[in-house]
Amino acid sequence: MRIQVRRTGGFAGIERHKEVDTSGRPDAHEWQALAEKAVAAGRVTPPIGVPDGFNYEITVDGRTVYAADPRLTEEQRRLISKVLKEGA
Amino acid sequence: MTTHGGFEPVFCTVVPPHVLDKLARNDDPALSGPARRTLMRDSELRGRRRVTTEFGLAAAPTAKAPSDQPLRTIYDAGHTTALPGTKVRAEGSEPGQDATVNRAYAGLGATFDLYLKAYARHSIDGDGLPLDATVHFDEGYNNAFWNGEQMVFGDGDGEIFLDFTIPIDVIGHELTHGVTQYTANLTYYGQPGALNESMSDVFGSLIKQYTLGQTAAEADWLIGAGLLAPGVTGKALRSMKEPGSAYDDDVLGKDPQPGTMDDYVRTGRDNGGVHINSGIPNHAFYLVATALGGHAWEKAGQIWFDVLTGGELSDRALFTDFAKLTVAAAKARYQEGDELQAVSKAWEQVGVRIL
């Protein structure tokens, strides 16, 4: 499973893009479960968020959904921070 | 914990919102234009309803004049994302051990002061609205934002960004999003969004200058100075004096802000480049302030404030609409003098034509 996260906006307006390929990883199942929940709660089009809030684009195996701060689900927040931290 | 429940916008149109969203991002202006206008009108209505409700609750029973003192409350999210978090400092209480809490408290006070003393505005709604801020939001959170009701500050990750309460102009910036919400309510997308951002940078910078007692010539005209971690190559996040020059770093990339319309950036990201193209009106303000000299909040700031709060600035205003209103405001307040000339010349220099 290929998970990509793109974060735009924010006070600084600086873009971040990271991705994780879960194939062959020992924790692939956890990533998969988290990604599925995060995507299920996503929106099909980008919401206009709050001033200076981050906007997120989550792509899992080619399917893209959108979310924005501060209205993220717990799973979305966890997935986003994991990918931005551990991804390449 | 957080879901979309209760926050899904109520649209009054027959076109489904996701279709409008998609159309608004179409490359063909004939398709994107009407869709964007519809979306903006809807968001305007939602904003109005929310503001009206808040006013209704706050102002109905009493008609007495708002206080000349702020009413600040600082909350600590304890590195979670639950808002507002635990109350840690109330108005009038002594500073505690946490420097972040104390900086937020002082920054809210400085912002309240500038708006009251320079422009006779009582708090962000003009009616004494209590000022709430949450610090230590999430873990290593590289951001600060205004959620429509309060300010939220992250600690930064320590690698790229430090604590977002460090620069006082960042605190002023967030609060000014509140002022804009209660006045022109500029739509947070495209040019009105870039104007919304620019208002926050302009008054954020003025709050810093006012606190330090600086003249336009003495000010650094930087947004977010002191926010970048020591290893980052840059002096701040934005420069009103020289947009595009704030940072150039391996990790952060290069400051993308244009200073004139020649370099205007067309993009769908960042809500249509609201943090990018704000460089253009930011630079126009810098040019007016330095041309006039002295304290920037007195004349240049007054003209900008008059336009923001005057009731004629549309929530869908473009740069040219805003520019035209600043010329009218300069004339109304200072007649045919240096002020009028400085304003007209500044817009000409940044390439915004006044029709």
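# Exercises on a predicted two-chain model

The axes of helix H1 (residues 28–40) of chain A and helix H2 (residues 74–86) of chain A cross at roughly 125° and come within 8 Å. The model is predicted: local features need pLDDT of at least 70, side-chain atom pairs count only at pLDDT 80 or more, and totals for chains, interfaces and linings use all residues. Residues are numbered from 1 along each chain as its sequence is written, with chains lettered from A and ligands numbered from 1 in the order in which they are written.

## Exercise 1

Describe how H1(A) and H2(A) cross and which residues meet.

Solution. Step 1: the crossing of roughly 125° makes H1(A) oblique to H2(A). Angles under 35 degrees count as roughly parallel, over 145 as roughly antiparallel, 65 to 115 as roughly perpendicular and the rest as oblique. Axes are lines fitted to C-alpha atoms, for helices over the stretch in contact, and angles run from 0 to 180 degrees between N-to-C directions. Helices (H or I, at least four residues) and strands (E, at least two) are DSSP runs, numbered from the N terminus.

Step 2: A:Leu34, A:Ala35, A:Lys37 and A:Ala38 in H1(A) meet A:Glu75, A:Gln76, A:Arg78 and A:Leu79 in H2(A). Contact requires C-beta atoms, placed from the backbone, to lie within 7 Å.

## Exercise 2

Work out the strand order of the sheet in chain A and find its edges.

Solution. Step 1: the open sheet has 4 strands in the order S2-S1-S3-S4, with antiparallel pairing. Two strands pair if DSSP finds at least two bridges between them.

Step 2: strand S2 (16–21) and S4 of chain A are at the edges; each has a single partner strand, so one side of each lacks a neighbour in the sheet.

Step 3: strand S1 (residues 2–9) of chain A pairs with S3(A) over 7 bridges in the antiparallel sense, and A:Thr8 stands opposite A:Asn55 in S3(A).

Step 4: H1(A) packs on this sheet, where it touches S1, S2, S3 and S4 of chain A.

## Exercise 3

Trace the hairpin formed by S3(A) and S4(A).

Solution. Step 1: strand S3 (residues 54–60) and strand S4 (residues 63–68) of chain A run antiparallel and are joined by 6 bridges. Step 2: A:Ile58 stands opposite A:Val65 in S4(A). Step 3: the hairpin has 2 residues between its strands, and A:Asp61 in the turn has a positive phi of about 45°.

Note on methods:
Contact = placed C-beta atoms within 7 Å.
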